[in-house]
Amino acid sequence: MLSLTVNSVSFNGPALAPRVAPAAAAGVRMGVSDMEGTGPETGGKVFDPMGLSKIASAETLAWYRAAELKHSRVAMAAVTGWAWVSSGGPLFPGYLSVEQGVTFESLGRDGYAAWAAVPEAGKFQILGVIGILEILSESAVKPHYMAGGTPGKVPLLWDPLGFTAKLSPETLARKRLAELKNGRLAMIGVMSLVSAHFIPNSVPLLPGSV
């Protein structure tokens, strides 16, 4: 998993990654040793059994990190939603589609069946919002993360209330590391949930059907 081969500058991160070259220099200067993410779980070393970091340029490493953060955040949202719905927590009230008479509660608690029951227009809206955010993160942020910018920065969602401005560098670093490690765990978690859903009893400690 590429998410475990590199380390991060994440959602609460500063404007530049550690040891990035001055703005006047061309391109990003980033190596694995400059990036966050190692810890006791990896023996204090970079977990890269396939040696991908050794053949990757600084720009590619920044791309790895941006991809890791995107997948981490999606996985954290997915695991939280899956756990909430599966636990019997209350669902959104009201209609998803008034015209078709589809309520949020009528979608049920099986994630795959719920997605299949969403009207086509609703699916296009969801995918459209995702696409807009992806375009914004790739084109609206200057400099681009592969040219010295911040991996994981998304316009409109990047700390709109300015909370990070009040935090110390040490607290920011701790929050970046927490997001990265929680995201990695969430990616493993959602993979486990998907596996348990399609292959009953394939994941220890999870119910036979998820």
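Residues are numbered from 1 along each chain as its sequence is written, and side-chain values use heavy atoms, with hydrogens and water left out. As the model is predicted, local features need pLDDT of at least 70 and side-chain atom pairs count only at pLDDT 80 or more, while totals for chains, interfaces and linings use all residues.

The protein chain has 4 helices and 2 strands, laid out as α-β-β-α-α-α from the N terminus (DSSP runs: helices are H or I with at least four residues, strands are E with at least two, numbered from the N terminus). Of its 210 residues, 34% are buried (under 20% relative accessible area; exposed is over 50% and partly exposed in between, with a 1.4 Å probe and protein chains only). Among contacts (heavy atoms within 4.5 Å) with a separation of 6 or more, 63% link residues 24 or more positions apart.

Ala75 sits in helix H1 (residues 58–86) and is buried, at a relative accessible area of 5%. Beyond its neighbours within four places in sequence, Ala75 touches Ala186, Met187 and Val190.

Trp115, from helix H2 (residues 111–117), is partly exposed at 38% relative accessibility.
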